[in-house]
Amino acid sequence: MSELFDTLNFLIPLIIASMVPLSLVALGGLFSERSGVVNIALEGIMVMGGFVGIVLMRTLVDSGLPLQLISLIGLITGALVGVLYAALHAFASVTMKSNQIISATALNLFAPALSVFIARIFYGTSNINLGGNYTIPEVPVLSSIPVLGPWLFTNAYLSTYLGIVIFAVAITFLYKTKLGLRIRACGENPQAADSLGVNVYKIRYLGVLISGALAGMGGVIFVLSFATRFQGTVAGFGFLALAVMIFGQWKPRGILLAAVFFATVRVIANAYTAIPGLQNISIPSEIYSMLPYIITLVVLAFASKNSRAPKAAGEPYDAGKR
Amino acid sequence: MREKTWVDGLLDYFLNSSTAVKVLASIIAIVGGLIVGLVIMLILDPSRAFAGFSTILFGLFRNGTQSIGNMLYYAVPIILTGLSVAFAFRTGLFNIGATGQLTFGAFFAVYVGVNWTFLGSFHWVVALLAGGLAGAFWGMIPGMLKAFRNVNEVVASIMLNYVAMYFSTLMVKTTIYNQSVARAFGPAESAQIPKGFFETLTNGSSLNYGLFVAFLVTAILHVILAKTTFGYQLKSVGFNRDASRYAGMNEKRNIILAMTIAGAVSGLAGAIMFLVPGRFLTIESNLLQEGFTGIAVSLLGLSSPIGVLIAGIFYGSLEIGGFYLQVTTQFVPELIEIIIAAIIYISALALFFQNIIYKTLKKRKDARLEATHE
């Protein structure tokens, strides 16, 4: 019995660490798509946000500021950079009515190339070391709660708590505010929204910029949680988040469930040798790694007839065609 | 009365030819992309920026025929992935899965290249075809999903890219793994695409018969699109799927065939990339960039096979420039990727540029007409 708890105490923090950035970035994708703009640039936005955030954090480490404050600054910086970078996608897809896939592909290619280019010039290598351990060893009092203590409050990341707050705020915003309703309307039926006086262009900008903020922050969280250095990539995590969004059927609750599931699979892929019961069944880690993508394909194949995808996502809005 | 001059003729030509305006938009994208590269160099290292920039543009002319050979060597896989993206695009499909098809093809080509040494002098041909077949299979999947289940081919291809990447890693590890260097074995010498007379002609560059494959595929796709009923149907489905069905065309079959052919071409690209000495399949989890560069080349080439061929060769010259950039200045070749990304972004805005070009030309023509009447 205690062995089971040991395993869970080992696995669940890892699953949470994967789940937080996955669900936040997927939520970013949701905001963009629900406003009517397909955003497959999540990967590139993550790289850009992660790059600038980590560079700033590394610079601040020497200043002697508390590490958690630095990580907060890093996360906010990542979000801001994400907003700026996503603005390029919004400009192309909303203002210029361009092909959203092409614009996003350009952003996905640009971010890793630029970050590696700059890192090589300034650091002489494409690897940027974090220069610190940003985990919170123990949250006072809370860490002694049985079961939850070791899962949520020991060796935890600031981003986990921040992520939970952001997720709650974002859902409230999307479903309980006027602006949230407008975002959803612009992805479903922009003509109707426009006829009621909603500025479709502005709302779509808002959707894309929010997705930039979430993906940019997700990039910083990714590096903090899974790596000790930044190497100009988030290893397909942005596309995995896209799969989470689709598997979650463009709904926050669905995203949460999908994120739990995909995060678990991801952890098994990376740590199955340490899991009793799995280490004897020799399924290669690649099988686990490709599982989320295959499952998403299967879901798409069997659910596309009654898909929950926003109806107007991917279509540039042209007021003249109303 | 003012005589008509060559300027009027030129204006008329551009105003009457949408292709000419589009080509102009492509050139704007290239110039814009290069400017982005220059600005980034100027910001980061002004002292070397112009030296670096001229290396990118003129690096091609450094080493005579050898550079020309290497330019074509770099261009071949990109021409093929570009053709793959362009061909699907003509059927109204966005093949973002070129990288997955390429990876899938590359694995099977190398697998045959390592193991089937009994084939003798046919070895490299069979390995090449294995890559094409595997790529075709991987392209067929999103085609079928699109045709029968109405799954968006972009999303399906993105998922398949990662499945192909992990599949290749897994298969390399279990079948053709070179333990001591932690990567795949290279293909046997008989499976390497021959260099033939290019060896002496281009002064020992890496160029091989892959170039003929690129030419052949360009010609075949051009003939299919321009001269056959099948090609006409593909384009028709691309313009309007519903109308094509109404006209009695089998749009499902056409979608599947278009994606299968696109996949085959990407698979050939993968085979050509890895059936050479000195390049090995790795077990790193990275998508191969060549599939995405194909999107840039396809956009610049206006999705026409011959346009893609020209744009691909231009890409090859950039790549050579990037090589010398690293050798002669401290800039790293990632700058080329930055330029490519900027070119794709500006190409996305192409419609806007086309309108601007058209309006400016129209204005100039009107002004000249007015001057004539005065």
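Helices (H or I, at least four residues) and strands (E, at least two) are taken here as DSSP runs, numbered from the N terminus. The model is a predicted one, in which local features need pLDDT of at least 70 and side-chain atom pairs count only at pLDDT 80 or more, while totals for chains, interfaces and linings use all residues. Residues are numbered from 1 along each chain as its sequence is written, and chains are lettered from A and ligands numbered from 1 in the order in which they are written.

B:Val172 lies in helix H7 (residues 153-175) of chain B. A residue is called buried if 20 or more other C-beta atoms, placed from the backbone, lie within 10 Å of its own, exposed if 12 or fewer, and partly exposed in between. B:Val172 counts as buried because it has 22 C-beta neighbours inside 10 Å. Two residues are in contact if their C-beta atoms, placed from the backbone, lie within 7 Å. Not counting residues up to four places away in sequence, B:Val172 touches B:Phe107, B:Tyr177, B:Ala184, B:Leu281 and B:Ile283.

Helix H9 (residues 210-227) of chain B has 18 residues, which should span 26 Å at 1.5 Å a residue; the expected span is 1.5 Å times one less than the number of residues. Its end C-alpha atoms are 25 Å apart, in agreement with that value. The buried residues of H9(B) are B:Gly210, B:Val213, B:Ala214, B:Val217, B:Thr218, B:Leu221 and B:Leu225. Seen down the axis of H9(B), these buried residues fall within an arc of 130 degrees, so they line one face of the helix; the arc is that of the directions from the helix axis to the C-beta atoms. An α-helix has 3.6 residues a turn, so residues three or four places apart point the same way. The buried residues of H9(B) pack against helices H4 (65-90), H10 (229-239), H12 (251-274) and H14 (305-328) of chain B. The face of H9(B) turned away from its buried side carries the exposed residues B:Leu216, B:Val223 and B:Lys227.

The contact between the chains takes 36 residues from chain A and 38 residues from chain B. On the side of chain A that touches chain B, helix H4 (100-123), helix H10 (237-247) and helix H12 (285-303) of chain A each supply at least two residues. H4(A) gives the most to this side, with 14 residues.
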